[in-house]
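Here is a brief report on one chain.

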Amino acid sequence: MKTFDVYPLFDIEPVKAEGSWLWDNKGQRYLDLYGGHAVISIGHSHPHYLQKIKEQLDRIAFYSNSVKIQLQEELAMKLGELSGYPDYSLFLCNSGAEANENAFKLASFHTGRKKIIAFKGSFHGRTSLAVAATDDPSIQAPVNANEQIEFVCLNDFDGLNKAIDQQTAAVIIEGIQGVGGVQVPTTEFLLKIRELCTQYGAMMILDEVQSGYGRSGKFFAHQHASIRPDLITMAKGMGNGFPVGGVLISPDFKAKHGLLGTTFGGNYLACAAAIAVLDVIKEENLLKQAALTGKHLMDSLENLQGIKAVRGYGLMIGVEFEHACAPIRKALLEKHHIFTGSSSDKNTLRILPALNLGRFEVDFFLKAIQQLAPVTNHN
Ligand SMILES: Cc1ncc(COP(=O)(O)O)c(C=O)c1O
């Protein structure tokens, strides 16, 4: 049997990883500024993370959600404290798309409504409603067609005003649009969504799957705007590579047995991984570090030739070139052995490294991009 061929692959086979570095099967070292798509939050193979998972594996790896799993309570306590949402509840699942599906269900159960407002350029996952709320028809199968979803341009106040009404169950927005090319909703726009959702009795869902867990220099990107959504979804950085996702649910929602459920969500190993990530974020002060390193990196990039715009917060950075960035991304990988990310905007390169990226690594990247940007610009 072969694997179903849906991913365009680099001809690179990583066999070892540590901190912000990867090594392939030929011994070549790579700087990881992509974090396996914003997943690596505390760095590859962090000793505390490895120890927590290994110890848990030796005790018990899995049982179902029909028994008490104390690690889920510990995770919820630590997450509530570090994220600034101690009064919210946590529902654990396995991925970002699944977190969004559950958030949509909760919003619909709670309001009794069906209509969802999403934004142009959005990405919310590949499952049923999550993909319907994603602004990319090429990944929507006919069965995903859903007339309940209305797309509005990001930061378009008039469009939002016209779209929202008494039928709206939820407005879903990414803390920072990732796949869309690191597009940042303005503080005023987030405040307006909050205001209109409250006015119309709709739920505000913040998709923090990519922008959450410290990536923006705050625990969640929407905290730059000081708003409190009704539902917050997360995944990627939560387990530093171990598959785990979750929904933070405001105290206004009432839980009922059987309302939501999952076989694997909240399993012992996922909880051990997620707790280890929170421990390291707290102990190593990674929110502050991501904010400082990100600022230094963004300021330095802004001064470089050939770069049109630098967007983002913390270590979620979009570098927009005056031309398609594919040749630069290729050269970074092949000549300088640096992984970066692409986006649906062909001119924008995404930088999504571990939150404890060091100054040496930042300078390594800046030197490489300085050499490449002006050269590729003349082509
Ligand atoms: C903002 C956002 N939401 C949801 C998802 C889907 O997450 P997953 O691939 O874990 O289902 C992604 C994945 O890239 C994402 O960036």
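Glu 320 stands opposite Thr 348 in β14. This pair belongs to a predicted model. β12 and β14 are joined by 4 bridges and run antiparallel. Glu 320 in β12 also stands opposite Ala 309.

The sheet is open and has 3 strands, in the order β11-β12-β14, with antiparallel pairing. β11 (307-313) and β14 (348-351) are the edges; each has a single partner strand, so one side of each is left without a neighbour in the sheet. On average, neighbouring strands here are turned by 20° against each other, direction ignored.

β12 covers residues 316-321 and is joined to β11 by 6 bridges, the two running antiparallel. Arg 311 stands opposite Gly 318 in β12. The hairpin of β11 and β12 has 2 residues between the strands. Gly 314 takes a positive phi near 55° in this hairpin.

How much of β12 is buried? The strand is mostly covered, with 5 of its 6 residues buried. Helix α9 (residues 286-302) lies across β11 and β12. The helix runs at about 170° to β11.

## The seven-stranded sheet

Another open sheet holds 7 strands, in the order β4-β10-β9-β8-β7-β5-β6. The pairing is mixed. At its edges are β4 (89-93) and β6 (149-152), each pairing on one side only. Neighbouring strands of this sheet are turned by 20° against each other on average, with direction ignored.

One of the pairings involves β5 (residues 115-119) and β6. The two run parallel and are joined by 4 bridges. Ala 118 stands opposite Phe 151 in β6.

Strand β1 (residues 14-18) is joined to strand β2 (residues 21-24) by 4 bridges, and the two run antiparallel. Pro 14 stands opposite Asp 24 in β2. Their hairpin has 2 residues between the strands, and Gly 19 takes a positive phi near 60° there.

β2 also pairs with strand β3 (residues 29-32), in the antiparallel sense, over 3 bridges. Leu 22 stands opposite Tyr 30 in β3. The hairpin of β2 and β3 has 4 residues between the strands. In this hairpin Gly 27 takes a positive phi near 90°.

## The chain as a whole

The chain contains 11 helices and 14 strands. Its radius of gyration is 20 Å, close to the 21 Å that the globule rule gives for 379 residues, so the chain is as compact as a globular protein of that length. Along the principal axes, the C-alpha trace spans about 55 × 55 × 45 Å.

Buried residues make up 49% of the 379 residues. Among contacts with a separation of 6 or more, 74% come from residues 24 or more positions apart.

## The ligand shell

Which residues are closest to the ligand? They are Ser 95, Gly 96, Ala 97, Gly 125 and Val 209, out of 14 residues that surround the ligand.

Helix α4 (residues 96-111) gives the largest share of this shell, 3 residues. By class, the shell residues divide into 5 nonpolar, 7 polar and 2 charged.

Most residues other than glycine have a negative phi. His 37 has a positive value, near 75°. This residue lies in helix α1 (residues 35-38). Is His 37 buried or partly exposed? His 37 counts as partly exposed because it has 13 C-beta neighbours inside 10 Å, and a buried residue needs 20 or more.

His 337 is not a glycine either, yet its phi is positive, about 55°. Where does His 337 lie? His 337 is in the loop between α10 (326-334) and β13 (338-339). With 17 other C-beta atoms within 10 Å, His 337 is partly exposed.

Technical notes
Residues numbered from 1 in each chain as written. Predicted model: local features only at pLDDT ≥ 70, side-chain atom pairs only at ≥ 80, totals over all residues. Rg over C-alpha atoms; globule rule 2.2 N^0.38 Å. Buried ≥ 20, exposed ≤ 12 C-beta atoms within 10 Å, placed from the backbone. Contact = placed C-beta atoms within 7 Å. Near = placed C-beta within 6 Å. Nonpolar A, V, L, I, M, F, W, Y, C, P; charged D, E, K, R; others polar. Pairing = 2+ DSSP bridges. Axes fitted to C-alpha atoms, helices over the stretch in contact; angles between N-to-C directions.
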